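Subject: Structure handover

Hello,

Here is the structure you are taking over. My notes on it follow below.

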Amino acid sequence: MVEWTEQERSIINGIFANLDYEDVGAKALCRCLIVYPWTQRYFGAFGNLYNAEAIKTNPNIAAHGVKILHGLDRAVKNMDNIKATYAELSVLHSEKLHVDPDNFKLLSDCLTIVIAARLGSSFTPETQAAWQKFLAVVVSALGRQYH
Amino acid sequence: MSLNANDKEVVKAFWAKVSGKADAIGGDALGRMVTVYPQTKTYFAHWKDLRPGSAPLMKHGKTVMGGVADAVTKIDDLTGGLLTLSELHAFTLRVDPANFKILAHNILVVMAIMYPNDFTPEVHVSLDKFLAALARALAEKYR
C-alpha cells in the first residue's frame, strides 16, 4: 500500500481544489500530442491533428483532455486505494482502448509541465515530489490490469 | 529522432532568451532532481548540504548548464563536440545514463516555471529532442 504523509495529501488536495480543468486538461493533452507525436495514434477519429496549430485549436482534443483530467478526481478522493479504484479503468485502457501503458508516463510528464507553468514558483521541489509521486501511483494503477 | 533544422533554430533562439538565467536554471533543476528523485543523491555523497538552493548544488548547477551552453554552440555535431565531456562521464564520473533523462526532465520543469509563455509545446519538443541528443553524445564513450 502507498504511504502518504499529511503534507503530501495536503499538496495534492490543494492542487486539485484550485485546478482550472478546462485550461490544464486541454493544454496537457495537446502538449503530449505535439511533444510525443506517436501518441496521436489513439486519436484517429478526433479530426485534424496535422500540425501543432491544428492540435491546439481542435475542440475534440480539448474536451478529451478535460475528461482525462477529471478522471484523476477519483484517485484524489481515494488516495489510500488508487490501485483498486482504477482497476476497471485499467481494464478499459487495456482491452478496449489498447493504449500502450508507456503512454501514461508521457502524458503525466506533460501534465507536470503544464501544472508547473501554472503554479510557477509555488511548484516547489517538495510540491513537485508529491505531485510526481501521485501521478506515478496513478500510472502504475492504470497499467496494473494489463496482461 | 535526430535534430532537424527547425529543432536547431528553435533551440538556439530559446537558449538566447534564457541563457542569462542559466546558472539559476541549473541550480533549480539539480535541487528538484535530488528532491524528486532521491536516488540521484548517491552521486553527491561528498557534499554535506543537498537541500535545494544549497551552495554546492547551485555551484554544480552552473557547471552543468555551462556544458549545456557549450552543447548549443556545437549543436551541429554533438558527438564530436562533446567527446571530452563524454570521456569524463564514462571513465571518471560514471553516472548511469538513465540519470541524464531525469535531469533533462527537471530542466524542462524549470523552463516551464520560469518561462511559462515562451516554453510552448513547439519549443518543448525541440528542447526535449536536444537534451536527449546531448545525453546520447554524453553516453557515447561508455562502452
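How many cavities of 30 Å³ or more does the count come to? The count comes to one. Please bear in mind that this is a predicted model.

The largest cavity has a volume of about 60 Å³. Its lining holds 11 nonpolar residues, with no polar and no charged ones. Among them are Val11(B), Phe14(B), Trp15(B), Met65(B) and Leu131(B). Four helices of chain B each supply at least two lining residues: H1 (5-18), H3 (55-73), H6 (98-114) and H7 (121-138).

I also looked at H1(B). This helix has 14 residues and spans 20 Å from its first C-alpha to its last, close to the 20 Å expected. Its buried residues are Asp7(B), Lys8(B), Val10(B), Val11(B), Phe14(B), Trp15(B) and Val18(B). These lie on the same side of H1(B), because they cover an arc of only 165 degrees around the axis. Ala5(B), Ala16(B) and Lys17(B), on the other side, are exposed. The buried residues of H1(B) pack against H2 (22-36), H3, H6 and H7 of chain B.

Then there is the largest pocket, with about 820 Å³ of space. It is lined by 33 residues, and the closest to its centre are His64(A), Ile68(A), His93(A), Phe104(A) and Leu107(A). By class, this lining has 23 nonpolar, eight polar and two charged residues. In chain A, helices H2 (21-35), H4 (59-71), H7 (87-96), H8 (102-119) and H9 (125-143) each supply at least two residues of the lining.

Regards

Conventions. Residues are numbered from 1 along each chain as its sequence is written. Chains are lettered from A and ligands numbered from 1 in the order in which they are written. This is a predicted model: local features need pLDDT of at least 70, side-chain atom pairs count only at pLDDT 80 or more; totals for chains, interfaces and linings use all residues. Side-chain values use heavy atoms; hydrogens and water are left out. On a 1 Å grid over the protein atoms alone, a cavity is a set of points where a 1.4 Å probe fits but cannot get out, and a pocket is an open set with protein on both sides within 12 Å along at least five of seven lines; lining residues have an atom within 4 Å of a point. Grid points are joined across faces, edges and corners, and a volume is the space filled by probe spheres set on the points. Ala, Val, Leu, Ile, Met, Phe, Trp, Tyr, Cys and Pro count as nonpolar, Asp, Glu, Lys and Arg as charged, and the others, Gly among them, as polar. The expected span of a helix is 1.5 Å times one less than its number of residues. Buried means under 20% relative accessible area, exposed over 50%, partly exposed in between (1.4 Å probe, protein chains only). The arc is that of the directions from the helix axis to the C-beta atoms. Contact means heavy atoms within 4.5 Å.
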